[in-house]
Amino acid sequence: MTATATAGWPFLIARGRRRGYRVLLAPGWLIDECDYGFLEEAVSPLGGAAPYRTATATSARGQRLALVWAEHLVTTADLAAGSAAPPESTTPRDEHSRPLRLLYGFLCADTTVDDPSRDDLARSRQAALGAYRRFLADEDHFTVESSTPFDLVSAPAPQPPPPLPAVTRQPTRRPAVPVLLGLLAASLTAVGAIWFATSSGDTPPPGCPPPPTSSSSTPTPTAATTTPPAAATPLPSSGC
Amino acid sequence: MLGEHGIVVIAIVVVATNFVVFLIAAWMRRNRRPSPSEGADGAGAATVPTFRVVALGLQGSGKTLLLTSMYRRLQTPGDRGFYVRAPYDQLIELNRWYQQVADTETDWPEGTSRGEMREFEFDVMTSVGESAEPVLRLGYLEYPGELLTDQDAPGSTAQTRLIASLASADALIGIIDGLRIWQTYHGEARGRLILHAALDAMIHSMLPAACPIAFVITKWDLLDSLHPDENTRLHMVRTLLMGIEGFRDLVRVQGTRRVMRLIPVTAVGHDFAVLDHGEVRKRPDGQFRPSNVDVPLAAVVPDILRQVELSLDQATRERILAEAHRRLRPGPLEALQSLSSFAAHKAGTAVVSAMGVGGIGTLALHLFVDSQLAPVREQASRLTGLDEADRRAERFVQARRRVVHALQDRVNVLEATLPSSRLGNEDWS
């Protein structure tokens, strides 16, 4: 059986006079599914910081549940209620002289409670104290009890969507392409320079024309005629 | 001049040469030595060893109070030259516990629940050059003692996590409840039953352990009435414990390979609480003065050093130290990075079998080498001629050595005042 959206299921984690902290009260469907152990680890003392605490926890079987819990130090009146025996004269303690503390509250499925009602916590505490008195009566043989659900007065709040899975990027090594390109450019430059240096010595430069000879009686006829240099032409005046 | 074939040959030679240069550059990048700025921080951060301590104690035995008082004692340097520092969220909780314990008008803390199981981490701080830096890190697991005796609820993982922590612990501290010893002395059956259950849990975890082990007697103040002389009191308790077969066998088996100590501590002091009709009450005028709460952790590191030394034969020890001296000539930074592989090769099997697998073997070797090299005052001259990274690494090594010596001094004081604190038959003269 699963919880309705507006039902609260009391639970209790406490230690006895001799036995240590354990789940003493839990929803029957969690007990039947052997899935109530997460309560021991999800519910921790408040440390005096707040009157209650809310949290969302996931059981070992993957059930996502909203938890609301508070602390209560056990008093003599708590233990005397419903008992014919006279109340203890001193504060109830364990065998190590420490006060007895209850971590009690209620849980619900498919919703969260941000601002729990005092009535809901009071009902949970009543259920928890009943289980706790039975636990103290026989600590060694007590087994976790199944809690009875009740209609919540607290206004349920919608659960936030589950967080998106984080996208992790594999770190990439810085590429060595720039280094490789640089070396390639240097190689081509070196090859080009060597080629240029070696190719310029293959063809000899054109020879210089023979210098003009001195005047003689017989001009030597040549096939090529030479053109006497033109007379220098004076530059026009700039007029400036 | 060169023909076409010559040009091609030259081109091939040039390209091949540059390719070789590229390969060499890529290999050097992969094995690049850290720059001085990186090495300065890398040497400190990479070689801060973390010692994880698990205290084995049943519910109500005093694990949380021991943690609280131990931190209060060590959070300032005093005359030790070092102090511990916790993360701020843990500091808040430790202070809250301390206030609740030390206030005579409030009740004792309610006890650790399964939801409060976690590890407290303390940096051991000391001066390294001009600033205070962590040279060691200590982890102390806080958990409810019923995890050692009671079955986990279906779907709970607390017990599995505790067992994993025990298996990987670098040191185990067995917590023996002084109240149970008092009850056993006075013939109370319940006390004797719980004492034996506690010792059984220790035996199960400690018998196969390779790490250092110490025993702590908590609530030592409740045993003041046994005898006026403290060492005599401790001897009486030691005799009672060694009269229990399982405990005696544990000490005999483990005592041949490691130092084992029986450390009496009181987390509140001798004038703070009183045992009244089976109930431990705070005195209205109680004086909160813890005693010996710093010794259990102070014993961890030196005991690791001793265990390393015991595990090495004389020839191997001399080879490691000779190699350490040789490697320290170029600089401690390179030595720190390369010594571990040499030492692991020379003594790996012995150290691993003595210390257990994992990084603690290598780190313990570092501490062992630190403790065996030249005294601190001779190292001052070594700082000259080193570059900045190596100077920093040298200062770090010296600072850690000072802390280890201070821890050992604390243990030496305990052994001098309480000779009965030493268990086992190994002579450490």
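B:Trp108 and B:Phe272 are both buried. The structure is a predicted model. These two residues form an edge-to-face ring pair, because their ring planes stand at 65 degrees, above the 60 degrees required for that class, with the centres 6.2 Å apart.

**Aromatic rings and charges**

- Over all chains, the count of aromatic pairs comes to ten.
- The pair of B:Trp108 and B:Phe272 links distant parts of the chain, the two residues being 164 residues apart.
- B:Trp108 belongs to the loop between helix H4 (88-102) and strand S3 (118-128) of chain B, while B:Phe272 belongs to strand S8 (residues 271-276) of chain B.
- Ring pairs join B:Trp108 and B:Phe272 with B:Tyr98 and B:Phe288 in a cluster.
- B:Arg72 places its charged end over the ring of B:Tyr98, at 3.7 Å from the ring centre.
- B:Lys282 lies over the face of B:Trp108, and here the distance to the ring centre is 5.1 Å.

**Packing of H3 and H4 in chain B**

- Helix H3 (residues 63-74) of chain B and H4(B) have axes that come within 9 Å and cross at roughly 105 degrees.
- H3(B) and H4(B) are therefore roughly perpendicular to each other, as the class spans 65 to 115 degrees.
- On the H3(B) side, the residues that meet H4(B) are B:Thr64, B:Leu65, B:Leu67, B:Thr68, B:Tyr71 and B:Arg72.
- On the H4(B) side, the residues are B:Leu91, B:Leu94, B:Asn95, B:Trp97, B:Tyr98 and B:Val101.

**B:Thr68 within H3**

- B:Thr68 is placed in helix H3 of chain B.
- B:Thr68 counts as buried because its relative accessibility is 2%, against a limit of 20%.
- Apart from neighbours within four places in sequence, the contacts of B:Thr68 are B:Leu94, B:Trp97 and B:Tyr98.

**Packing of H7 and H9 in chain B**

- Helix H7 (residues 189-206) and helix H9 (residues 245-255) of chain B pack at an angle of about 25 degrees, and their axes are 10 Å apart.
- H7(B) and H9(B) are therefore roughly parallel to each other, since angles under 35 degrees fall in that class.
- Their crossing is left-handed.
- H7(B) contributes B:Leu199, B:Ile203 and B:Met206, which meet B:Gly246, B:Phe247, B:Leu250 and B:Gln254 in H9(B).

- B:Lys219, which is not a glycine, has a positive phi of about 55 degrees.
- The position of B:Lys219 is in the loop between strand S6 (213-218) and helix H8 (230-242) of chain B.
- B:His277 is a residue other than glycine with a positive phi, near 55 degrees.
- The loop that holds B:His277 runs between S8 and strand S9 (279-287) of chain B.

**Chain A**

- Chain A contains five helices and seven strands.
- From the N terminus on, its elements follow the order β-β-α-α-β-β-α-β-α-β-β-α.
- Chain A has 240 residues, of which 39% count as buried.
- Among contacts in chain A with a separation of 6 or more, 71% are between residues 24 or more positions apart.

Notes. Residues are numbered from 1 along each chain as its sequence is written. Chains are lettered from A and ligands numbered from 1 in the order in which they are written. This is a predicted model: local features need pLDDT of at least 70, side-chain atom pairs count only at pLDDT 80 or more; totals for chains, interfaces and linings use all residues. Side-chain values use heavy atoms; hydrogens and water are left out. Rings of Phe, Tyr and Trp (its six-membered ring) pair if their centres lie within 6.5 Å; planes under 30 degrees apart count as stacked, over 60 as edge-to-face and the rest as tilted. Helices (H or I, at least four residues) and strands (E, at least two) are DSSP runs, numbered from the N terminus. Buried means under 20% relative accessible area, exposed over 50%, partly exposed in between (1.4 Å probe, protein chains only). A charge sits over a ring if NZ of Lys or CZ of Arg is within 6 Å of the ring centre and within 35 degrees of the ring normal. Axes are lines fitted to C-alpha atoms, for helices over the stretch in contact, and angles run from 0 to 180 degrees between N-to-C directions. Angles under 35 degrees count as roughly parallel, over 145 as roughly antiparallel, 65 to 115 as roughly perpendicular and the rest as oblique. A crossing is left-handed if the near helix is turned anticlockwise from the far one by less than a right angle, and right-handed if clockwise. Contact means heavy atoms within 4.5 Å.
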